[in-house]
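Keep the structure open while reading.

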Amino acid sequence: MIINARWEAILNRDEKSDGRFVYAVRSTGIYCRPSCASRKPRKNNVLIFEFPEMAESRGFRPCLRCAPQDAGYDPRLEKVRKAVRYIEEHADENPTLAELGQCVGLSPHHLQRTFKKVLGVSPRQYLESIKAHKYKDLLKNGRDLAGAGYEAGYGSSRGVYEGASRYLGMTPATYKKGGEGVTIRYGISTCRLGRLLVAATDKGVCRVSIGERVGELVADLKNEYPHSNLIRSDGELKGYLNIVARLASGGSSPESLPLDVRASAFQCRVWERLKSIPPGKTMTYKEIAEDLGLPKGARAVGSACAKNPVALLVPCHRAVRGDGGLAGYRWGVERKRKLLELEKERK
């Protein structure tokens, strides 16, 4: 899930983008600078990180060919990068804002403001996401609940359930089992944009995806919850499918479907703002960021759009570039263009 401009930089091996971000490839476990001459990856295998330290915290190794960790970064970002590195290395110690400020040579207030401008989240929110990802990986690798919580930096079981649960989409105990015991029903139908998959737990819709091949849509769902009880239930989900298909045709729905998705506080704010944009209308990433009180947060807004797991129900297709051009869309820019055209026709 990546922003289109950065994907273009990767495809073009743009040297000017070196030092602005790195990209990691799930299938190889390696991260590179944008200009790397290695074989071009598949888009759905790529993850984007602002700094090398962020990629390494997720278990990716630096490419020996392009040495992404040595790419020159904008000096203005170095203090944020240093703060990120400190958080990554001391996450289990729960560093305070004052400690971070002392480490990088900024006042706590200035660091908080600068960090949030660059990454779209506060140092505390970033720390929580790091601990949650570490906890998630430990559970996947067989660590017991208590041990994983302690190793990830949570001081109590309450901290685990209040912190990590927001990122897992289910309780830690259930996630550890790969979704074991959770029944996820999904339905497949055809819509104006291609094949449509809608999946739901007993609490609400957890995934809406669009593509050409049913197998790829189902595989994506299975990958996140390998041991959940996945049941194809086209008939049972017919109502949900009809509502989402109507949205895919540019229409609207008087019904608001219940959702069962987990997200960071910042992602929730972005998604709620997206849902307030009328059909057929658009806002730029910068405008959305400014509405949220983050005048420099356009990049972070784009990232939140890219991580939206319920296409159409959260209308991330209504977010566009500053020049009005269509930026990346997880389900394809052409689908984004067609969807906006259909919405305008229905107005």
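Angles between axes under 35 degrees count as roughly parallel, over 145 as roughly antiparallel, 65 to 115 as roughly perpendicular and the rest as oblique. The axes are lines fitted to C-alpha atoms, for helices over the stretch in contact, and the angles run from 0 to 180 degrees between N-to-C directions. This is a predicted model, in which local features need pLDDT of at least 70 and side-chain atom pairs count only at pLDDT 80 or more, while totals for chains, interfaces and linings use all residues. Residues are numbered from 1 along each chain as its sequence is written, and side-chain values use heavy atoms, with hydrogens and water left out.

The protein has 16 helices and ten strands, taken as DSSP runs (H or I, at least four residues, for helices; E, at least two, for strands) and numbered from the N terminus. Buried residues make up 52% of its 347 residues, where buried means under 20% relative accessible area with a 1.4 Å probe, protein chains only.

Helix 3 (residues 78-89) packs on helix 4 (residues 97-104) at an angle of about 125 degrees, their axes 9 Å apart; the two are therefore oblique to each other. Contact here means heavy atoms within 4.5 Å. Lys 79, Lys 82, Ala 83, Tyr 86 and Ile 87 of helix 3 make the contact with Leu 100, Cys 103 and Val 104 of helix 4.

Helix 3 also meets helix 5 (residues 108-119), with axes that come within 10 Å and cross at roughly 95 degrees. Helix 3 and helix 5 are therefore roughly perpendicular to each other. On the helix 3 side, Val 80, Ala 83, Val 84 and Ile 87 touch Leu 111, Thr 114, Phe 115, Val 118 and Leu 119 of helix 5.

Leu 241, Ile 243, Val 244, Ala 245, Leu 247 and Ala 248 are buried in helix 12, and their cover includes strand 5 (183-191), strand 6 (194-200), strand 7 (205-211) and helix 16 (333-346). Val 270, not counting residues up to four places away in sequence, touches Leu 292, Val 301, Ala 304 and Cys 305.

Note on methods: Buried < 20%, exposed > 50% of the residue type's maximum accessible area, 1.4 Å probe, protein only.
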